[in-house]
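I opened the notebook to record what I looked up. My notes follow the display.

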Amino acid sequence: MSRTNGQFLQWLIILFVVLATFAFKIHATQQQHSSLHDVPVSGYGFDGRALEFSDAELAFLGKAEAIKHEYSQADYRLVVVVVDGSNNRHAVHDPIFCLRGAGYETTSNTEFPIINGHGQLISLANGSAKQKVAFWFSNGEQRYTAFSRYLAESAINRLTFGAIGSQPKMITVYSTGGRIPNWSSILDRFPVLMDI
Amino acid sequence: MKTNMLTEKLPSIIILTYAAFLSSDVMTDWRYSPFDSGGHTAFAIWFSLWLVLAKTDVKPSNFLSFAAGLCLILGLMMDLNVVFHLAILIAALQFLPREACSYAHLISGFLWLPAFGYAMAMVGIEESSAATVRISLALLMTIVVVIIATTRKLELRYEPH
């Protein structure tokens, strides 16, 4: 290839990158808002309230849509955080990596079945403080815990301008009430979680 | 002559600058993410070595420009920082001679990536040791690059003409 042709190709690549930048910025601003804010705060057999995100959480979420609800039923109180990374994929991280980075030590890590898939229950310790956190990703049809699958589904959906699949959401649940003996059975009592 | 060289290099410079701009979030990761601590030092080591190895008379490769451009487009589409970081590494390679030491330098570039922090976490390295591991490997790779580059120079000097 001659030097002039080579240079022409190099500028052509830059032109494609510039066009792609504009195309994806325009597409991003035209994206539909997710239905997260339709998730009920209370319903049959459970009650709850919407919680505010802290300033640090809001800064981390950026343009991503998210909700934080506290649900209660009998002795159990659960805080549910749902993040839709459609407008900011960087707001969705691998929870195991994030929690370790936040200074927690993972003492155990077990999978548990939920409707149409499975979630993961992580036991955490930070000094004397102990906490259990359950999480899963949902594409509306299946629930899974592999972050690599989340990345793949999110990438395919973006690459096809939303034609294939949907943007998966990350659901994180932790308890603020009594100890939960069986997460599968407790989560089954909050059908609202299984609608996400 | 110098103007011609600049014109020839301009697309590569633009791609590298744009990739760096899109990757600017990396500084926040280095600052706040425990697994990414030491990333700025690993980057400084990698960048210093790049400045030493970079040559002005290297002909830009269309393949590398295409690969870096493709990474930028895919990164924009998928909103994945790691692809932008990959674009920087490929675009930086445009300014290095096509020799083994440049490819070793490319590999050493992976050490400043936040993706390397994630990999360290996944293999069970503690966050308190992450910076030490990252910087030690960056220094080790620098030694490897210097050895390869020096060996190559000696080979060229004693090659029969």
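I looked up the domains first. Chain A is divided into domain 1 (1-30) and domain 2 (34-194). These bounds come from an automatic or database domain assignment. I then checked the spacing: the C-alpha centres of the two domains of chain A lie 38 Å apart.

I noted the ground rules. The model is predicted, with local features needing pLDDT of at least 70 and side-chain atom pairs counting only at pLDDT 80 or more, while totals for chains, interfaces and linings use all residues. Residues are numbered from 1 along each chain as its sequence is written, and chains are lettered from A and ligands numbered from 1 in the order in which they are written.

Next came the overall extent. The C-alpha trace of chain A spans about 75 × 35 × 35 Å along its principal axes.

I went on to secondary structure. Chain A has six helices and eight strands. Helices (H or I, at least four residues) and strands (E, at least two) are DSSP runs, numbered from the N terminus. Read from that end, the order in chain A is α-β-α-β-β-α-β-β-β-β-α-β-α-α.

Then I turned to the partner chain. How many residues of chain A are in contact with chain B? I found 20 residues of chain A in contact with 23 of chain B; contact means C-beta atoms, placed from the backbone, within 7 Å. Helices H1 (3-30), H3 (95-101) and H4 (147-159) of chain A each supply at least two residues of the side that touches chain B. H1(A) gives the most, with 12 residues.

Last, I checked contacts inside chain A. Of those with a separation of 6 or more, 56% join residues 24 or more positions apart.

Methods. Two residues are in contact if their C-beta atoms, placed from the backbone, lie within 7 Å.
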